[in-house]
Amino acid sequence: MRRSLSRQLVTAALAVVMLTVGCSGKGDDGGGGSTEVDEAGDPVRGGSVTYALEAETGGGWCLPESQLAISGIMVARSIYDTLTVPAEDGTYVPYLAEAVEHDETYTTWTITVRDGVTFHDGTPLTAEVVKNNLDAIRGAPGEHARSALLGIFVLQNVDSVEVSGTRDVVVTMKTPWVAFDAYLYGSGRFGIMAQAQLDDTEGCNRRLIGTGPFVLEDPTDWVEGREFRAVRNPDYWQDAPDGEPYPYLDEIVFTPVLEAEQRLNGLLAGDLDAAHFSGPEDILEIRDLTEDGTLASTDSAANAEVGFLQLNTSEPPFDDVRVRRAIALAIDRDQLRDTFQDGDDSFEDATGPYPPESPGYLDDTGFPLEVDLDGARRLIAEYESDVSPLRPVVYQATPAAGTQELAVFIQQSLAEVGFEIDIEVVQQDALIDNAISGDYDLMAFRNYPGGDPDGMYVWLRSGSPVNFSRIADPEIDRLLDEGRAEPDPAAQDRIYQDLNRRLGEQAYSIWLTYTTWMVASSPNVHGYSPETAPDLPDGSRPSLGLATGHATLGLWRDDA
């Protein structure tokens, strides 16, 4: 039975993030392939699709205060629109905004709001509402009733947000910010809410009012743990090729199905119409089922997340680079692949946080990828001679069988070089809390969906609330600041390569693999693949990445 490395890499970071910029890198050529049925004819209107997600979003969708993983993002992208979206060529293009422009120094950005767009409650999209959303996200005083969560740090470089006329929002930075247009997308987490939702002091997380293709008509249409039912927005602002507004479906129903095996069985039984997956064994099986026509699917490693072991580098023994590198040298990646990925080499070893198509990517970052038990033992012996004997290390892991199996694999691998690893079973919410508070030694994570390399700023900068590894490295801080302000792509690439090398040499994280994401469906459901999805408003093609979900406005079924 195949086991999933990706399933084992806990999604804790994703569950707390409303931060990273992107799902599109510069040069989106890392995709897998679409095996979705491409010759289905013209889209048909009507019908309903039940879409299985890997988790519930218990906190709801009051976006400035929400904590959205990929499952929550899928819902958010159906209810709300973002000001920009990633395109296939790696740029971020206007979406709910008509234009996003900057001055020569990248310190003043002007967002021109698209005309004629209305929210689900019939109120118009205006520059004032956009300003209030941005102020709410960044925790600034203004016309909103929100208490920002993590956006306070994400947008802390914003000095002011002002309205100019009825359609322009002028954003002034404290320092030049080249990638600000990517942050307006926010991996699908920075959707624009109506003023009534911004002002809702009691039901903001359940009374959702966006401009998106689907509408939550009644808060009771979200039954937590069971389903989130949304209907077609008849007044959506984007027209399909048939001249009528998107979306094609009358209804979309999201349902949380935590176990991948149950999602797959639901598809095969016809109880589900579509679902997403990230486990290698699931992807390999679904590829076979797609080839014989049982299912349709698309998968992509473009702008991939990274699976890695997360270390608390602020406490002994992981505050010493020798110990961190010893861990990397102790892990046999070939054995890891054989054990958890069925020996399939299409799931690529990670060399750092940047996927292959991203600026800053390097084949060799100085991070040890080859097993060297003798070398690891020498580093441990040197540390113990200079500092102290290694103390027992606690590896926190959730109760899922796959997560526990990975923990045992790591425990046995590190025991070979002198580590005593105690495995502590914790629920995922407790794991997240421990990552935020720094109350841990070692845990597995899946994080860092690719995009503009400036996205790593929120994860690595000293003082960031989501610098879970507690990295305090002045060289990394310097490179992050330089990269943020550098407009020349070649110079920016060199800066982020230096950053990648620093991370590799210091082994602040133990990189494992890049994550492939797949969407699978019954053969009569179409329009979810980035290759078959609708064009973006400017005529460009959407990003090939699936790490932060996909648009749902183009979904349709041929038996509607």
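Visitor: How many helices and strands are there in the protein?

Guide: Welcome! Please keep in mind that this is a predicted model. The protein has 17 helices and 22 strands.

Visitor: What makes the protein as compact as a globular protein of that length?

Guide: The globule rule gives 24 Å for 560 residues, and the radius of gyration of the protein is 23 Å, close to that value, so the protein is as compact as a globular protein of that length. Along the principal axes, the C-alpha atoms fill a box of roughly 70 × 55 × 45 Å.

Visitor: What share of the residues count as buried?

Guide: Of the 560 residues, 61% count as buried.

Visitor: Among contacts between residues at least 6 apart in sequence, what percentage join residues at least 24 apart?

Guide: That percentage is 75%.

Visitor: And how many positive and negative charges does the protein have?

Guide: There are 38 positive and 97 negative charges, and their mean positions are 4 Å apart.

Visitor: Let's turn to the strands. How do you know that β7 and β8 pair?

Guide: Two strands pair if there are at least two bridges between them. Strand β7 (residues 158-164) and strand β8 (residues 168-173) are joined by six bridges and run antiparallel, so they meet the definition of a pair. Within this pairing, V163 stands opposite V169 in β8. The two strands form a hairpin with three residues between them, and G165 in the turn has a positive phi of about 75°.

Visitor: Which strands pair with β11?

Guide: Strand β9 (residues 214-215) pairs with β11 (residues 227-232) in the antiparallel sense over two bridges; here V215 has V231 as its bridge partner. Strand β10 (residues 222-223) is also joined to β11 by two bridges, again antiparallel, and W222 is partnered by F228 in β11. Between β10 and β11 there are three residues, making a hairpin whose turn holds G225, with a positive phi of about 85°. Strand β12 (residues 251-256) pairs with β11 over four bridges, in the antiparallel sense, and the partner of V231 in β12 is E251.

Visitor: What makes the peptide bond from Y246 to P247 cis?

Guide: Its omega is near 0°. P247 lies in the loop between β11 and β12. Another cis peptide bond joins P316 and P317, with omega about 5°, and P317 is in the loop between β15 (306-311) and α10 (321-330).

Visitor: Why is Y106 called buried?

Guide: The cut-off is under 20% relative accessible area. Y106 has 16%, so it counts as buried. Y106 sits in the loop between β5 (97-102) and β6 (108-113), and its phi is near 65°, a positive value in a residue other than glycine.

Visitor: How do you know that S187 counts as buried?

Guide: S187 has a relative accessibility of 0%, which is under the 20% cut-off, so S187 counts as buried. Phi of S187 is near 55°, positive in a residue other than glycine. You will find S187 in the loop between α6 (180-183) and α7 (195-198).

Visitor: Is T516 buried or exposed, and what does it touch?

Guide: With a relative accessible area of 6%, T516 falls under the 20% cut-off and is therefore buried. T516 is in the loop between β19 (509-514) and β20 (517-521). Leaving aside residues up to four places away in sequence, T516 touches several residues, among them F277, D299 and F347.

Visitor: Why is H276 called buried?

Guide: Its relative accessibility is 2%, and buried means under 20%, so the word applies to H276. H276 lies in strand β13 (residues 274-277). Apart from residues up to four places away in sequence, H276 touches residues including Y51, R263 and W517.

Visitor: How far is H276 from E370?

Guide: They are 94 residues apart in sequence and, C-alpha to C-alpha, 32 Å apart in space.

Technical notes: Residues numbered from 1 in each chain as written. Predicted model: local features only at pLDDT ≥ 70, side-chain atom pairs only at ≥ 80, totals over all residues. Heavy atoms only, no water. Rg over C-alpha atoms; globule rule 2.2 N^0.38 Å. Buried < 20%, exposed > 50% of the residue type's maximum accessible area, 1.4 Å probe, protein only. Contact = heavy atoms within 4.5 Å. Lys, Arg positive; Asp, Glu negative; His and termini not counted. Charge placed at Lys NZ, Arg CZ, Asp CG, Glu CD.
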